[in-house]
Amino acid sequence: MDISPIEDLKTIPDVVQPYPGPSGGREAVIVIDNGSYNCRAGWMLTDRPALTFRNLLAKPRKDRNKKDVDAIVVPVTQIGNDIVNIEAMRLQLRTQFDRNVVTHYNVQEQIFDYIFTKMGINTRDSIPHRIMITECLFNPNYCRSLMSELLFECYEIPGLCYGVDCLLSNYSNHRVKNGLIIATGYHTTHVVPIVDGRIVVENVRRLNIGGSNMIAFLHRCLQLKYTIHLNAITLSRSEVLLHKYGEFAYDYMESLKDWASLDYYEKNVKKIQLPYNQTATAPTMSTEQKVEKKKELSRRLAEMNARRREERLAQDEELLLQLQQLEESAEDGDDIRDALAEHSLKDAGELKRMITTVNSRIDKTRIKINTPIAGNSLPPTDTDKLLQPPPNMTIGEWVEETRRKREAILEKRQARRQRKQDLAKRRTAAAQERMRIISHLARKEKGSDDFGMRDEDWDVYKQISRDEDSDNENENERLLECEIILKQYDATYEDPLLLMSGSAAELYQLHVGVERIRAPEILFQPSIIGSSEAGLPETIDFVLKLFPAAQRSSLVENIFITGGCAKIKGLKERLAREMREILPFESRFDIEIANDPLLDGWNGARKFCLTETFRQSLITRSVYEECGGEYLKEHFNSNVYFPTPKVFADELLN
C-alpha cells in the first residue's frame, strides 16, 4: 500500500500586471466571478482569468501590549493569495459573504481594491472600465443596491451588468433552452429549472448543503478518529483530502458493507503520512554487534539485580540484628513493648516468627548472589553455540512452546501492571475490594468495624501495597531466555526494540477509509450531519412534480451539473442511479457535467460580454441615478427583477 504525504494548500502571491495590456483597452470589460469560495477576475478578451484567489481577508489584530511605542504600527491586511498560510491566520480571516450572499461591503471594498491593484489599473480617481459581475441566485435587492452604490460611487465605473454564475456556466457549455441545472456551491446547492431559456423562479429550490459542509464533516470525522493529531488535521488539509480522495458512492449502504470487509479495506484505504520529527537512529549494526550489545545489556541487568540484592541483604541483616537484640532484651526481662510497636509487632511470639522470616529471606538472597545469573553466563562470541531443544521435543514443538511461554509471561506482567494501576486509585473496584479484605482482617472481636472511615486508613493501605506486585527477577530471566530461543530458531520473530523506528512513522499516519464516501454523502443524506432538509434527489423530485407531466421529460433530458462539488468523483453516476428510482420505468434522461465546473461561470460571463445583449443589459451611471441601486436589467443569464414595494421602501427610509 502506497503512503502519500499530506498536502497543504499552497498559494503563490499575485503580481501586479502591466496596464494597459493587450486586453485592457478603454472598451475592455472587467469580468469578476465573485464566488463565496474563489474570486476570479480578468479581462473579457482573455481565455483565463488573470486572478484566481480565495475570497478571504486577514487583518492581524493590534498588539495592545506595546503601549509605549511612539509610532503606531498598522497591521498589514492580507487578501487572497497574499495569505500564504491560511491556518496560521484562521482566527483573523474575514469574508464579505454570509453563506452565499454579500453582506459585509467594507470587506468587499478591500477585495475590489486588491483586484484593481493586481490588474495594474493605476487611474487616479475612477475605474474607466465596465464591469460584469456575478451575484447569487435571488440576491436581495438591498444587497444589490449596496453593491451598485459601492461600484458607482466609490469607483465611478461607467457601466455595470449582473449575472448568475450557474446560468453563465450553462451558457458557456451551449446548453439547450429546456433543462435542469444542479448548481453545487460552497455553501448551498440549487435546483434551477430552465424553460424556454429562462429560469422558472417560482420552482427553484435551495439546499443548504455545499462544499464547506463536506469539508467540515470530514475534518471532524478525522479529528474524532485520530484525537492525538487534532492540531495536525486542519480544515485546509481536510479540503485537499476531500477533493483528492473523496467520491460519491454509487450505493451508499452496499459501500458501507464493502468497507466492513478487511480485504476491501486494505485494497482501498488511503494512507496519509503526517509530518513528524524522527529521532536520530543509530547506524545499522551487524549480527556480531547485536550479539555483543545483547550481552552488554544482559551484563548490566545482572549487575543491577546483584546490587539490588546486596542492598536488600544489608537491610535484612540490619533488621535481623535489631530483632535479635529485642529478643535478648525480652529474655533479660526488659520492657520491650515500645520497641515492638515500632516494628508493628504485638508480642514475643510475633517477634520470633519475624526473626525466622528474616533469616529465611537472608538465606535465599545469599543463594541468589552466589548463583551465576543466566544472562551473565553467555558464552563468548568465538564459541557461541545455539541452544538445543530437549531430547523429547522437535524444534518446531520447542519453538511453539517457547512462544506460548513468552506470551503467558507478557500477559501476566500486563495484568499485574494493570492491577497495580487500579490499586493506586482509591475508587476502583480492585482498591475497594482490597480495603474490604483489610477491614475484615482488622475487625475486632467486639464493636463495629471502622477501618477505612478515616483518611489515615488509606495511608496504611498504600503502605501495605507498596512492595507487592513487582516484576519477578526470575520472570525477567525466563523472558530473556525465550527471546534468545525465538531469535535463533523462529524466522517470524521480530525484536520489539528493532520495530520502534518503523512504528514511529505509523503513529503519524491517517487511514482515510470510509470517510472518503461518508463526507460527500451528506449532499444526498443531510440527516447524517443533523440537518432536517431533504437530500438532492428528493429536492429534484419535488421540483419536477411542480411541472406538468409533458414538461418533465424535456427537463430531465437535459440535466446539467456545475459548481465546485461537481469535481468530486462519482456524482454523475450516483445522480443517474437516483434519477432511475425517481422517474417512471424506462424514462429517458441525460446528465452532463460542465467542461470546467470551476471556471465555466467566468468563461460564460466573458462570452456574454461579447454579445449585443450585454450592451443592452448594461446599467449606466444615468440609469443607476434614475432607477436606484437595486435596479436590474434582466437578460437570460440574470436574476429576475422584483421591485421593492414602495410602502416597504418608505418604511426602510424612515
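Buried means under 20% relative accessible area, exposed means over 50%, and partly exposed lies in between (1.4 Å probe, protein chains only). This is a predicted model, in which local features need pLDDT of at least 70, side-chain atom pairs count only at pLDDT 80 or more, and totals for chains, interfaces and linings use all residues. Residues are numbered from 1 along each chain as its sequence is written, and side-chain values use heavy atoms, with hydrogens and water left out.

**Exercise 1. The whole chain**

Task: Find how many helices and strands the chain has, and what share of its residues is buried.

Solution: 
- Step 1. The chain holds 23 helices and 20 strands. These are DSSP runs, numbered from the N terminus: helices are H or I with at least four residues, strands are E with at least two.
- Step 2. 41% of the 654 residues count as buried.
- Step 3. Take contacts (heavy atoms within 4.5 Å). Among those between residues at least 6 apart in sequence, 73% join residues at least 24 apart.

**Exercise 2. Helix H20 and its cover**

Task: Decide which residues of H20 are buried, and what covers them.

Solution: 
- Step 1. Eight of the nine residues of H20 are buried, leaving the helix mostly covered.
- Step 2. The buried ones are Asp600, Gly601, Trp602, Asn603, Gly604, Ala605, Arg606 and Phe608.
- Step 3. Their cover includes strands E2 (29–34), E3 (38–43), E10 (130–135) and E11 (159–164), together with H3 and helix H21 (612–616).

**Exercise 3. H3 against H20**

Task: Describe how H3 and H20 pack.

Solution: 
- Step 1. H3 spans residues 165–172 and H20 spans residues 600–608; they pack at an angle of about 75°, with axes 7 Å apart. Axes are lines fitted to C-alpha atoms, for helices over the stretch in contact, and angles run from 0 to 180 degrees between N-to-C directions.
- Step 2. H3 is therefore roughly perpendicular to H20, a term for angles of 65 to 115 degrees.
- Step 3. H3 contributes Asp165, Leu168, Ser169, Tyr171 and Ser172 to the contact, while H20 contributes Asp600, Gly601, Asn603, Gly604, Ala605, Lys607 and Phe608.

**Exercise 4. Phenylalanine 642**

Solution: 
- Step 1. Phenylalanine 138 is 504 residues away from phenylalanine 642 in sequence, yet 9.7 Å away in space, C-alpha to C-alpha.

**Exercise 5. The largest core**

Task: Which residues have the most contacts inside the largest nonpolar core?

Solution: 
- Step 1. A nonpolar core is a set of buried Ala, Val, Leu, Ile, Met, Phe, Trp, Tyr and Cys residues joined through side-chain atoms within 4.5 Å.
- Step 2. The largest has 46 residues; Leu523, Leu536, Ile540, Leu575 and Met579 have the most contacts inside it.
- Step 3. Helix H4 (residues 211–225) gives the most to this core, six residues.

Definitions and conventions. Parallel < 35°, antiparallel > 145°, perpendicular 65-115°, else oblique.
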